[in-house]
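Colleague: Take a close look at the aromatic rings in this one for me, please. I'd like the pairs and their surroundings in one go.

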Amino acid sequence: MSLRDRELQHAKRLQNISWAIVTLVLISVLLYEWNQVHKNAKLVQLDLTRNNLYQGAVNLRQNWELNNKPQHDKVAGIPFSYTSLGWPIVYKNGDLDCPKIWSLLSNGIEKPEYNAFSYRKSDDSVAYNSCLYDIGINKKLAIFYINDRIHIASNLSL
C-alpha cells in the first residue's frame with residue numbers, strides 16, 4: 001500500500017468518525033428536546049385534568065341548584081353529599097373518600113389519571129383535609145375543602 005493510499009484511508013476514517021460524532025450530537029439534542037416536550041405535555045395534561053375535575057364539580061353544583069338543593073345525591077353509583085354551598089363531597093367513615101371523589105368529579109373518565117393517591121388529614125380541622133393525587137413528573141394534584149368550598153390545586157411539588 002502506498003503512502004497516498006494510507007493517507008486516503010486515514011482521511012476516510014476521520015470523515016467517518018466525524019460523521020459518527022455529528023450523528024451522536026444530533027441524537028443527544030433530539031432526545032433532550034423530546035424530554036422537554038414530554039415534560040411540558042405532562043404539565044399541560046395536569047392543567048387539563050385539574051380543569052376537568054373542577055368542571056365536574058361545577059356541573060354537580062349546578063345540578064344541586066336546579067334540583068332544589070338536596071343534601072345527598074347519587075351519580076354513576078357513587079353516593080355523595082353536598083356542602084352547605086353546594087359542592088359535592090364524598091365521605092367514608094368521616095374522612096374524604098379520595099378515589100370516589102376523583103371518579104365523581106372526573107366526568108366519567110374510566111381510567112384514573114393518577115399513579116397513586118394519599119389522604120392528608122389535618123390535626124386541627126376537618127376543613128383542611130385533602131386528597132393528594134400523584135400525577136407523575138414529581139407533581140401532585142390536591143382536592144380539598146375550605147369553608148364549604150372545593151379547591152383543586154395542581155403543580156404541587158410535594
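**The aromatic rings and their surroundings**

Modeller: Start with Trp64, Phe80 and Tyr82, which ring pairs link into a cluster. A pair here means rings of Phe, Tyr or Trp (its six-membered ring) with centres within 6.5 Å; planes under 30 degrees apart are stacked, over 60 edge-to-face, and the rest tilted. Bear in mind that this is a predicted model, where local features need pLDDT of at least 70 and side-chain atom pairs count only at pLDDT 80 or more, while totals for chains, interfaces and linings use all residues. Residues are numbered from 1 along each chain as its sequence is written, and side-chain values use heavy atoms, leaving out hydrogens and water.

Searching the whole structure turns up four aromatic pairs. In one of them, Trp64 and Tyr82 are tilted, 6.1 Å centre to centre with 40° between the planes. Trp64 belongs to helix H1 and Tyr82 to strand S2, so this pair ties together parts 18 residues apart in sequence. (Helices are DSSP runs of H or I with at least four residues, strands are E runs of at least two, numbered from the N terminus.) Trp64 is buried at 7% relative accessibility, and Tyr82 is buried too, at 10%. Buried means under 20% relative accessible area, exposed over 50%, partly exposed in between, with a 1.4 Å probe and protein chains only.

Trp102 and Tyr133 make another tilted pair, 4.7 Å centre to centre and 50° between the planes. Here Trp102 sits in helix H2 and Tyr133 in strand S7, so parts 31 residues apart in sequence get tied together. Both Trp102 and Tyr133 are buried.

Tyr133 also brings us to the largest nonpolar core: of its 26 residues, Tyr133 is among those touching the most other members, along with Ile101, Leu105, Leu141, Ile143, Tyr145 and Ile150. Such a core is a set of buried Ala, Val, Leu, Ile, Met, Phe, Trp, Tyr and Cys residues joined through side-chain atoms within 4.5 Å. H1 gives the most to this core, six residues. Ile150, leaving aside residues up to four places away in sequence, touches Tyr54, Ala57, Trp87, Pro88, Leu105, Ile143, Phe144 and Tyr145; contact means heavy atoms within 4.5 Å.
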